[in-house]
Amino acid sequence: MIRRAAALALLLWAFGFIGFAVTLPRPLDGGRSDAIVVPTGGSGRILRALALLDRGVASKVFVSGVDPEVKPHEFAIEYRVDSARMACCVALGFDSVDTRSNAKEIAAWAAAQHARSVRLVTNDWHMRRAAYELRARLPAGVSVTEDAVLSRPSFRILFLEYHKLIAAHVARLWER
């Protein structure tokens, strides 16, 4: 009986991992949101968010998890954002260090902005956990649109992220 249960658990884990790895989220082409939110960490995230801002997908971008030593003008230079665009449309958050605290920081910013919809921009391998953590912390009624940045994650990244997603779900169950 124990062997069967262990075998079933192993099969569920394996099929879950395969499903996770082969069905990574994709970028979106259309739609509008009140704001674009992006946690720092992976390549291409901030550039994608700024390109979406330039296309008019939203009127604001919030970048969460910026290193506290980075000054807004340094960010503007690095990402070629003119000062008027920075002043009106790009906000930086300096209080988060991981996915969970990114979600908390983004949710607080979205609430302060009275955003009813946010477009989450992060890497394809990171999207499921980032969206899960964000939805758990946003005020009721705020919708999240997932807009993934394509990447070529290694087996190691996929393996770790799959287990972090499982851990996030387990942690949430413990919190209840």
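Contact, as the word is used in these legends, means heavy atoms within 4.5 Å. The views show a predicted model, in which local features need pLDDT of at least 70 and side-chain atom pairs count only at pLDDT 80 or more, while totals for chains, interfaces and linings use all residues. Residues are numbered from 1 along each chain as its sequence is written, and side-chain values use heavy atoms, with hydrogens and water left out.

View 1. Leu120 is found in strand S4, residues 117–123; helices (H or I, at least four residues) and strands (E, at least two) are DSSP runs, numbered from the N terminus. Leu120 counts as buried because its relative accessibility is 1%, where buried means under 20% relative accessible area, exposed over 50% and partly exposed in between, with a 1.4 Å probe and protein chains only. Not counting residues up to four places away in sequence, Leu120 touches Val37, Pro39, Met127, Ala130, Ala131, Leu134, Val144, Thr145, Glu146 and Asp147. One of these, Ala130, is 10 residues from Leu120 in sequence, and their C-alpha atoms are 8.3 Å apart in space.

**View 2. Buried residues of helix H6.** In helix H6, which covers residues 127–137, the buried residues are Met127, Arg129, Ala130, Ala131, Tyr132, Glu133 and Leu134. The buried residues of H6 pack against strand S1 (35–39), helix H5 (99–112), S4, strand S5 (143–149) and helix H7 (155–175).

View 3. The structure holds 1 cavity of 30 Å³ or more, and the largest cavity has a volume of about 40 Å³. On a 1 Å grid over the protein atoms alone, a cavity is a set of points where a 1.4 Å probe fits but cannot get out, whereas a pocket is an open set with protein on both sides within 12 Å along at least five of seven lines; lining residues have an atom within 4 Å of a point. Grid points are joined across faces, edges and corners, and a volume is the space filled by probe spheres set on the points. The largest cavity is lined by Pro39, Thr99, Asn102, Ala103, Ile106, Leu120, Ala130 and Leu134. H5 and H6 each supply at least two residues of this lining, and H5 gives the most, with 4 residues. By residue class, the lining of the largest cavity divides into 6 nonpolar, 2 polar and no charged, where Ala, Val, Leu, Ile, Met, Phe, Trp, Tyr, Cys and Pro count as nonpolar, Asp, Glu, Lys and Arg as charged, and the others, Gly among them, as polar.

**View 4. The largest pocket.** The largest pocket has a volume of about 250 Å³. Of the 17 residues that line this pocket, the closest to its centre are Thr99, Trp125, His126, Arg129 and Lys164. The elements that give two or more residues to the lining of the largest pocket are H5 and H7, and H7 gives the most, with 5 residues. The lining residues of the largest pocket comprise 4 nonpolar, 6 polar and 7 charged.

View 5. The structure holds 10 aromatic pairs; rings of Phe, Tyr and Trp (its six-membered ring) pair if their centres lie within 6.5 Å, and planes under 30 degrees apart count as stacked, over 60 as edge-to-face and the rest as tilted. Trp13 and Phe159 form an edge-to-face pair, 6.2 Å centre to centre with 75° between the planes. Because Trp13 lies in helix H1 (residues 2–22) and Phe159 in helix H7, this pair ties together parts that are 146 residues apart in sequence. Trp13 counts as partly exposed at 32% relative accessibility, and Phe159 counts as partly exposed at 32% relative accessibility. Phe17 and Phe155 form an edge-to-face pair, 5.6 Å centre to centre with 75° between the planes. Phe17 lies in helix H1 and Phe155 in helix H7, so this pair ties together parts that are 138 residues apart in sequence. Phe17 is buried, with a relative accessible area of 9%, whereas Phe155 is exposed, with a relative accessible area of 57%. Trp13, Phe17, Phe20, Phe155, Phe159 and Tyr162 form one aromatic cluster.

**View 6. The disulfide of Cys88 and Cys89.** Cys88 and Cys89 form a disulfide, with their sulfur atoms 2.0 Å apart, a disulfide being a pair of cysteine sulfur atoms within 2.5 Å. The torsion about the S-S bond of Cys88 and Cys89 is about -80°, so the disulfide is left-handed. Cys89 counts as buried, at 10% relative accessibility.
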